[in-house]
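Q: Could you walk me through this one? I'd like to go over the rings and then the fold.
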Amino acid sequence: MRAQFVLSEIGVGLRRNLTMTFAVVVSVALSLALFGGSLLMSDQVNTMKGYWYDKVNVSIFLCNKSDAESDPNCAKGAVTDDQKKQIQADLGKMSVVEKVTYESQDEAYKHYKQQFGDSPLADSLTPDQMQESYRIKLKDPEKYQVVATAFDGRDGVQSVQDQKGILDNLFGLLNGMNWAARMVMALMLVVALMLIVNTVRVSAFSRRRETGIMRLVGASGFYIQAPFIAEAAVAGLIGGTVACGFLVIARYFIIDHGLDLSHKLNLINFIGWDAVLTKLPLILATSLLMPALAAFFALRKYLKV
């Protein structure tokens, strides 16, 4: 009987404040969709970091005859065979190095022609103008500085370059966008909480006579509060369900179908469905608990029960 009363009161409350209930559902849906989106963005950035950092190489470019005439780092002349042997031997002794690949001037010229054959400079370059280099695969991409410290400025070395620096700029931009989404999400959550509190107070005010009678006949505080808390929880749960729908639809149409980014941008390792599905229970739990707690604390002060 009590459960039936509570359920009937939930229906009455939602119908009486239909406009505000709709506003609560929309604000909760948008804020939790942004919440889930920011979590998925973090997963995507971490996945991309793991994928691309694993492919990062450190390159040690060696001096050639042209560099000896124009580059201060090569003032002592082009790299010698002894210097190359010493560099390779030192690389072999380093525990952070996983693999070393040597690229000759002819190989560098061939790769340049393949990548930039349409460039006006391509016809004017010759193999002897290209730089020999060592391409180093590190066990831990974060250990780049170990290689840079050991070889930067050494005789025969023109420069030491780390591809990770380029990726860091990209991931910095993605992280910045993610934090911006979180700020908007936080603002939307505040708006949603304010709407929930106001909706609950309006509902309680419209039924102040009933609650007064319930207090007089000895109803417990929780029994009086339960319909209002349940109303907020139901509205929040509807919003959370809509937010989950947004995330699933976005994943389906943006990555798998529609825009089909998984095939158009095959260089990006997109997160899978497992990452999306694991976020849905968290969103639903938040959509249920957040409005219920907001209503509980609002009612404690308003009803004074």
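Q: Is Tyr 134 buried or exposed?
A: Tyr 134 counts as buried, because its relative accessibility is 2%, where buried means under 20% relative accessible area, exposed over 50% and partly exposed in between, with a 1.4 Å probe and protein chains only. This is a predicted model, in which local features need pLDDT of at least 70 and side-chain atom pairs count only at pLDDT 80 or more, while totals for chains, interfaces and linings use all residues. Residues are numbered from 1 along each chain as its sequence is written, and side-chain values use heavy atoms, with hydrogens and water left out.

Q: How many aromatic pairs does a search of the whole structure find?
A: The search finds two; rings of Phe, Tyr and Trp (its six-membered ring) pair if their centres lie within 6.5 Å, and planes under 30 degrees apart count as stacked, over 60 as edge-to-face and the rest as tilted. One of them is the tilted pair of Tyr 102 and Tyr 134, at 5.4 Å centre to centre and with 50° between the planes. This pair links distant parts of the chain, since Tyr 102 lies in strand 2 and Tyr 134 in strand 3, 32 residues apart.

Q: And what is the relative accessible area of Tyr 102?
A: It is 32%, so Tyr 102 is partly exposed.

Q: Which residues form the edge-to-face pair?
A: Tyr 252 and Phe 253 do, at 5.0 Å centre to centre and with 85° between the planes. Tyr 252 is partly exposed at 37% relative accessibility, and Phe 253 is partly exposed at 45%.

Q: Switching to the fold, what is the strand order in the open sheet?
A: The four strands have the order 2-3-1-4, with antiparallel pairing; two strands pair if DSSP finds at least two bridges between them, and strands (E, at least two residues) and helices (H or I, at least four) are DSSP runs numbered from the N terminus. The edge strands are strand 2 (97-103) and strand 4 (157-162), each of which pairs on one side only.

Q: How many bridges join strand 2 to strand 3?
A: Six bridges join these antiparallel strands, strand 3 being residues 133-138, and Val 100 has Ile 136 in strand 3 as its bridge partner.

Q: Which helix runs at about 0° to strand 3?
A: Helix 4 (residues 81-93) does, lying across strands 1, 2, 3 and 4; axes are lines fitted to C-alpha atoms, for helices over the stretch in contact, with angles from 0 to 180 degrees between N-to-C directions, and contact means heavy atoms within 4.5 Å.
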